[in-house]
Amino acid sequence: MAKAFAVMLLLFNALGLNTGIKLNGNGYTDILVAINPAVPQNENIINQIKAMITSGSEYLLMAMDNKVFIKDVKILVPPNWSGSYEKARRETYDKANIIIDSPHPAYRDEPYVKQMKGCGEESEYIHITPNFLLHDNLLNAYGPRGKVFVHEWAHLRWGVFDEYNEKEPFYFSENQQIQPTRCSTQVSGHWFEIINGYPMLCRYDETWLPTKECQFFPDKEQKTKASVMYMPSLDSVTAFCQEGDHNTEAPNTQNQKCDHKATRTVIFQHSVDKDALQTLKPLQSAPPAPKFTVIQRRSRVVCLILDVSGSMQGQRILRLQQAATIFLREIVEEGAYVGIVKFSTNADIISSLTKIEGYARESLISKLPNTASGSTNMCTGLKLGFEVLQQDDKSAVGDDVIFLTDGEATDDIQSCLKSAVNSGAIINTIAMGLSASNVLVTMANQTDGKFIVADENLISNQLVDAFSSFTMSDGDLSKLTIQLVSTGSSTTGWFNGTVPIDRTVGNSTTFTIIYERSAPTVRIQAPSGSVYDQTRMTHNAATKTLTLNIPGTAEPGDWRYSFFNTESTAQAMTLTITSRAARDDVPPVMVKAQMNQLTSDGSKPMVVFAEVSQNHVPVLGAKVMATLQSDTGHSEDLFLLDNGAGADHFKNDGIYSRYFTKLISGRYSLKVRVIPREGAISGSHSRNSGAPYVPGYIADGKVQLNPQKPPVSVQSADVGRFTRTATGESFVVNVPKGVTPKFPPAKITDLRAKIQVDTIFLSWTAPGEDFDFGTVESYDIRWSKHLKTILYNFRNATPVNTSALHPQEAALDEQFSFLPEVAIKNGTTLFFAIQSQDKQALKSEISNIAQVTKYVPSPKPPEISEPPPKLLISIVTIACAVIILACIIATITVCAIKRKKAVKESGGA
């Protein structure tokens, strides 16, 4: 078994993931742009996408020393667009690198990147709106589309972060000057507060930093070339910040997440392309313009290829029937085409391609195999499955396969692996049991499919979960079947529970009960009190299932279920509840689950991610649990956190995360559940990554204002109690024999500092003994007046006496205050960092660096750079004009009142 895992790990690492962007020589290929079905058909959108990426490629080449450019792009248009487009191969909406979608509820038309991982790691996707593509009124504020594209590309591909900070736009530098948060510091300009459309000198708060109304206005003409990640709208900006001009002091996300490294350093030394970028030679001539292919995916075509060999006898063939029945009845989309093939010694077509409409679902279910015998000739089954897929258009390209087996191939599976990959089909594989072939991993990997492991245990419900995960979205979430509940129990009496059905779902709601031996007594009560019992359910004794389809839209609220085992001995039962969006115009709350990688050798911890959102807006305050279970019996339950600490990179972004450190060799399933609780809200969240809005520029001594940025209109909304279940792709762990992974405490990433009089107050989230589990042994806290000391020579910084500090358990809040042994002068900026240690003396990485400035209010504000004389005269003139105008208005008003009063008195006489 260990040898098989090692071979599989080598295959994974050698072949790499087939999905995603590739750097082929100097050119990036396999870039996928997908347009959401909610976007009305407009061919000019396609033209603007091409223009944006073409100009972006030229800008990218310049910014990257003529080393890389955009070579090949596919544009996936929605199925509801009419026209003659090429047929999509393995490209699907959920694999898109760039999404063209309606304005974000909070960010509106601002371009942004969904960035949920760490420094140097690839991000999820770029979000751009049709308005940004079609209208030029946004370009002054954000920059030309091509330059904005490169800004977002750097987030997406190389995992760098923004070099501005809307929450902290100004800071005190080490030399006690107020500076805008920027990179590089060579970007010149001045800051003002806009009052009634006029620029005025900024006011200052109690810390003597400019108030939140104050904004930085860059000079239109600049001499510096950096930086793309700060302000790509400036004409002079054609480069990423490098160490020579990087502003390490700025409190921006790039410094906070990347240990104060310059963006160029991250790109060339830490990103996915680091090896290639260090060896690629600059192009000596201009590369060709990007090649664009416009493609479309229409109705889904899927073939179930099912193993019915002798090893599938008994419980396994029954589990196959039960899970495939739920897939055919609840999961596969209306209008899709489905075929079924079974294989053992030979292969047979159970059903040719059948359109899902009317009675077709039940007809297909009735044909599912229920007996098993013979050997496991996988190639025979695959070959016949591809023939079924070709029945509609003589091609399997872009079609979908669900391939299930529980054993090693009796024939030579390697001989047909190449033809399976070359078929153009997306092959999803299910490995049922320990003996299932490891080739399933490679096949899914090389065809952009999913690999899922599942056991035959009824209570785990893993096979049902696997089939339920095989949805295919075109971006229209109202069509998707959502798994609300997947739970099981072995009981001698009652199996009870409550499931909340929230207001975002309710259509096509189905309760499916699977039992071990005999049908239980069933009672399901709606929130209004209506009761459904087994007399209102469909009972299939052969597959041991009871199914209740709620008519219309299920009532929102708590549904109570009770199943009574009428036998005297315990029997297992499971409940699966699925539903769809309640209305087309109300996006449902969705959950997506994934690991940070699909293989591990045990040298580093893995990370579990679960995104909980509604129409791109994060759902906060959810209780999220992940269950990771290997085919060798090892199981871990992890509560995931959205606290911005440990494995979680951004607090309150709807991405719940946790480290997985107890790594034992095996093939693991991933199941995430959102557990019902009060207080979850759907709320707006500030962008973590995206091109900055620039309020205006200074040109020829005058402030030129850009259109005002629209205010965020999304208010937090109570989601209410809800529950969801999601199954992620399975992953493989292969720890070398005799090795037990040991990990240090996690790096502290949310250290914060405050100062009151002379007392320093520090706060952070406690790490664990093993990353974010357990309790650390001790903390080493140090400070310095110089950033470079704390950054590069932590041991030379001043230590803090922490003998009174008793570490808390991982994920709890830590607070510590102390009085420095030396006097801190007014106006001094201090820098702090922490390193934690566990019982085995393993030490964490140095934390993020927190900084604070001691500032006792005084009549005179701190030193700031003054506007140039010409601009100062303009401001004074404007101020005087405003004052004079106000005086004139006041005088006229007073005169008018007096005259009116005089007329009134005269009339009264």
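**View 1. Where helix α2 meets helix α5.** In this predicted model, Gln 48, Met 52, Ile 53, Ser 55, Gly 56, Tyr 59 and Leu 60 of α2 touch Arg 145, Gly 146, Lys 147, Phe 149, Val 150, Trp 153 and Trp 158 of α5; contact means heavy atoms within 4.5 Å. Helices here are DSSP runs (H or I, at least four residues), strands are too (E, at least two), and both are numbered from the N terminus. The axes of α2 (residues 43-63) and α5 (residues 145-158) come within 8 Å and cross at roughly 75°. That makes α2 roughly perpendicular to α5. Axes are lines fitted to C-alpha atoms, for helices over the stretch in contact, with angles from 0 to 180 degrees between N-to-C directions. Angles under 35 degrees count as roughly parallel, over 145 as roughly antiparallel, 65 to 115 as roughly perpendicular and the rest as oblique.

Some notes for every view: residues are numbered from 1 along each chain as its sequence is written, and side-chain values use heavy atoms, with hydrogens and water left out. As the model is predicted, local features need pLDDT of at least 70 and side-chain atom pairs count only at pLDDT 80 or more, while totals for chains, interfaces and linings use all residues.

**View 2. Helix α11 packed against helix α12.** The axes of α11 (residues 378-389) and α12 (residues 413-422) lie 9 Å apart at an angle of about 20°. The two helices are therefore roughly parallel to each other. α11 passes α12 in a left-handed crossing (the near helix is turned anticlockwise from the far one by less than a right angle; clockwise would be right-handed). On the α11 side you will find Met 378, Cys 379, Leu 382 and Phe 386, which meet Ile 413, Ser 415, Cys 416 and Ala 420 of α12. This contact has seven nonpolar residues, one polar and no charged. Ala, Val, Leu, Ile, Met, Phe, Trp, Tyr, Cys and Pro count as nonpolar, Asp, Glu, Lys and Arg as charged, and the others, Gly among them, as polar.

**View 3. Helix α12 again, now with helix α13.** The axes of α12 and α13 (residues 439-446) come within 10 Å and cross at roughly 15°. That makes α12 roughly parallel to α13. Here the crossing is right-handed. Ile 413, Gln 414, Leu 417 and Val 421 of α12 meet Val 439, Thr 442, Met 443 and Gln 446 of α13.

**View 4. The second largest pocket.** This pocket holds about 530 Å³ of space. On a 1 Å grid over the protein atoms alone, a pocket is an open set of points with protein on both sides within 12 Å along at least five of seven lines, a cavity is a set where a 1.4 Å probe fits but cannot get out, and lining residues have an atom within 4 Å of a point. Points are joined across faces, edges and corners, and a volume is the space filled by probe spheres set on them. Of its 29 lining residues, Ser 486, Thr 487, Lys 671, Arg 673 and Thr 725 are closest to the centre. Strand β38 gives the most to this lining, with six residues.

**View 5. The largest cavity.** Its volume is about 260 Å³. Among the 22 lining residues, Tyr 107, Tyr 112, Lys 114, His 616 and Asp 653 are closest to its centre. The lining divides into nine nonpolar, nine polar and four charged residues.
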